[in-house]
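Good morning, and thank you for joining. Let us look at the next structure together.

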Amino acid sequence: MAKKNAGKPGKTAQEKNDSFPIVGIGASAGGLEALEAFFSHTPSDSGIAFVIIQHLSPKHKSIMGSLLSKYTEMEVLDQKDGMKIQPDKVYLNPPNKNVVIINGTLQLMTPVKTGSVNLPIDFFFRSMADDLGEKAICIILSGTATDGTLGIRAIKGEGGLAMVQSPDSAKYDGMPRSAIATGIVDFIRPVERLPGELLKFVRAPYIDTPKAIRITDDQFSNFVQKVFVLIRRATGHDLSNYKQTTIRRRIERRLAVHQIDKVSHYVKYLQETPSEVDMLFKDMLIGVTNFFRDPEAFKILKNQVLPAMIKTHSPESAIRIWSMGCSTGEEAYSLAILFSEVMDMLKLHFNIQVFASDIDAQAIDHARQGVYPDSIAADVSQERLNKYFVKEKNTYKVKKQIREMIIFAVQSVIKDPPFSKINLVSCRNLLIYMDGDLQKKVIPLCHYTLNPEGILFLGTSESIGEFTDHFHPVDSKWKIFKRKDVYMEKPVDYPSMPFYHGAGASSAHNQKQTAETDIHQIAERVILDSYAPPGVLVNEKYEIVHFMGKTDKYLETPVGKANFNILQMAREGLRFKLTTALHNAVRQKKTTVNEGLRIKYNGSFRIIDLTVRPIVEINLPHNFMLVLFDDKTPPEKFSKSKGELSENDRDPVVTSLEKELESTKEHLQTTIEELETSNEELKSNNEELQSVNEELQSTNEELETSKEELQSTNEELITVNSELQNKVDELSEVNNDINNLLASTDIGTIFLGTDLCIKRFTPAMTNIFNLIPTDMGRPISDITSKIRYKNLTKDGDEVLKTLAHKEVEVQDNKGSWYAMRISPYRTTEYMIDGIVITFIDINKIKNAEESLHVSEERFRSIFEQTSESIALIKPATGAFIEFNEKAHMTLGYTLKEFAKLKIFDLEADRASKEMTKHFKAVLDKGDEVLETRQKTKTGEILNTQISSKAVVIHGEKMIQSIWWRY
């Protein structure tokens, strides 16, 4: 029967987060490549928030954010305490912190040092199950060990989704295989296909629409009944009395997984796919269980309940515990460990029998193995791990001493007979799955199966309901109750279960039946005491567990240490036949009768018939035998004093045979004693070997712990190495780009340190300095240069001091010109770590400048020597920008006088504004000719023809005018 987390407050956080899904991703060694592949196939506008939990070295600053940003357009953030989760963002866990989600925010917690390995993925997944419930989605990617396995169980128990990278595609398959071994994973895919399955799931009606309209079928209940029929036909189990809300959530989740929007279609799919029936049944039974769940409740049991139970328990009988709905066995083992601890504390030891049952056969098989992932260290203290578990590869195995206390069985509390005479029933978080009618049957069942004063241990969200008259609370908070010795007022319809008196009858009738029952029992006891032969009940170890009648004539009390072994207590003449009969009863399940045995008692002999009969009427976990002594001694044999036989009455042959037999017995007794002595020596040697074995086991556990620590460190180193390798690849790529860039520009560049020693240079630098590759690290002053410049070292020191750039044009020995620029070398942290000197070839620029200069000189000569007046005029103001000598001399002005004039000042009739109109026409058409009259300095009027053309100089429109007299 499944177990489920219960007793938590209403999930307000879940309601708050209904608008978008939150996905937890667990990864360890090899996780970087998997994450890169995952986000490469994940759209940036999916509306999903991703929280990544990795195994990180506490001292290493992770560069995962910068690496992952290349593969997704979503914002990649480092998790901060109290950070609100938002959709379409990726959150990375910090080193040396455990992360939990509470009310949609991330909370960081410092790991508690317990001596065991920290498991951050399990830690976060469990918090997701608590906070998000059925909306929780978890993904396990590449990694070693088993972190995340218990977290998946918690999320699946709440109805969430579990996805795992296929082991074949994972670089390290430890974590994926451990998760898959639970048998409850929904999707196992290569990492590239996981985003697609995730998007299909979150966009399904189960996730994407309100609860009220998740399923479109109006007759949901009718179709669910058909689902129950299919499950009962396939498994034999009827789930119709389970809570409908739980059933509905599980069915809706399967609809979302298979992208089915109607339950009627799902029923058809179940009929066509038998394997889906098994998956649905398993989904119904997913148990959220772990060792010592609710530690405070187990503390109450250990300190208050169990000591009183053990102190008052009869030493002749075993303490019997029943763990109902044990799932994979964690709680059954927890109870066994708890009883063992209490018995050690009280120094009282009893035979402990824990009956653990569940309807899930696969879970019972897992429980029988007693092997659990090493992540149980989060729930089990290191002291308990060392004492009750054996560390194996990535797992812990329950030690034999605890395993032998427990009997696992596939059993349904609904239809199968219960165990009886139980001292403690653990029925935790089982009733929450059942509706009210079924709970009213299970609570009476617990009352029936418990001994008087027996303990009932329920889950924190469960109660005994209306049966308060049958149990009284020991601890109300942790739901621990003690059985009251009263009769149930209602029948309990379970096979092979005694009928509870009083169905519809009065209390007086009950008392009458009880009295009659007592009279019957008294009568039976009188008959047994008066007429039945005395005997004893022994177990398979030949230890007496119960005496019936007086047996002192056949068994004698041993001297010294108490010993109830029947062979040690058997009187002379009985032991040999008794040993054979007991062997037959144990091995062959056969009743053995030995008649006429002569045993020595009180100086005489008695004749008895010995009967050894195995108890086979009921199925018990151990063998029990009934040993009966039927005294056949004739009365006349004891007519003499002390019952001694007369020597005259004895046959000489018989006497001789008796003496010979006596001698043989003595010899046999001696042999037996020698054998027992040898056995004692072997036992002593065996104890020494066990002691040595325990020491070796202790050493092995220490080595396993060291191995775990090394493995954890190795995982962290692998993660760091993977990040660094990606960074190296990135830097190598950038370095190649820079080298190709510098080589392609033909710019000579040399990098010098603060000591002006060469750190790096480009190929073009060999044309300027006599450099070879082995010159790295040498001072620049030691290298001969091909440039005519002696102040390079001085300028380099100056730049380092002032941090100001310096630019100089230099010439080499061949006459080539370079623009030399010296700049400080700044790191990404803005630290000065040397200088950078660049040499740009400016020969073409120099040649162009020289050619331009020659052209300007030639133009100037023509400009000045021409016979026409030429001027460059600014059209807006009419100011002269440039003019030749002819222009000012023709009009009688000096150079300085003419430079102050404007073209409009030369017009004979300024009121006509002919020049303004002329310039406007030139600017519109591009050129224009004007005949006008100009006034000289002396006032003379000259008839002049002006030819103007629009030109652009430095981006501004000018007018070039030529005029001459006519």
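Among contacts in the protein chain between residues at least 6 apart in sequence, what percentage join residues at least 24 apart? The figure is 63%, where contact means heavy atoms within 4.5 Å.

A word on the source: this is a predicted model, in which local features need pLDDT of at least 70, side-chain atom pairs count only at pLDDT 80 or more, and totals for chains, interfaces and linings use all residues. Residues are numbered from 1 along each chain as its sequence is written, and side-chain values use heavy atoms, with hydrogens and water left out.

The pLDDT, the predictor's confidence in each residue from 0 to 100, has a mean of 81 for the protein chain, and 87% of the residues reach 70 or more. Where pLDDT is low, predicted coordinates should not be read in detail.

The secondary structure comprises 27 helices and 35 strands, taken as DSSP runs (helices H or I, at least four residues; strands E, at least two) and numbered from the N terminus. Of the 966 residues, 45% count as buried, that is, under 20% relative accessible area with a 1.4 Å probe, protein chains only.

D122, F125, R126, M128 and A129 in α4 meet T149, L150, G151, I152, A154 and I155 in α5. Thank you.

Terms used:
Buried means under 20% relative accessible area, exposed over 50%, partly exposed in between (1.4 Å probe, protein chains only).
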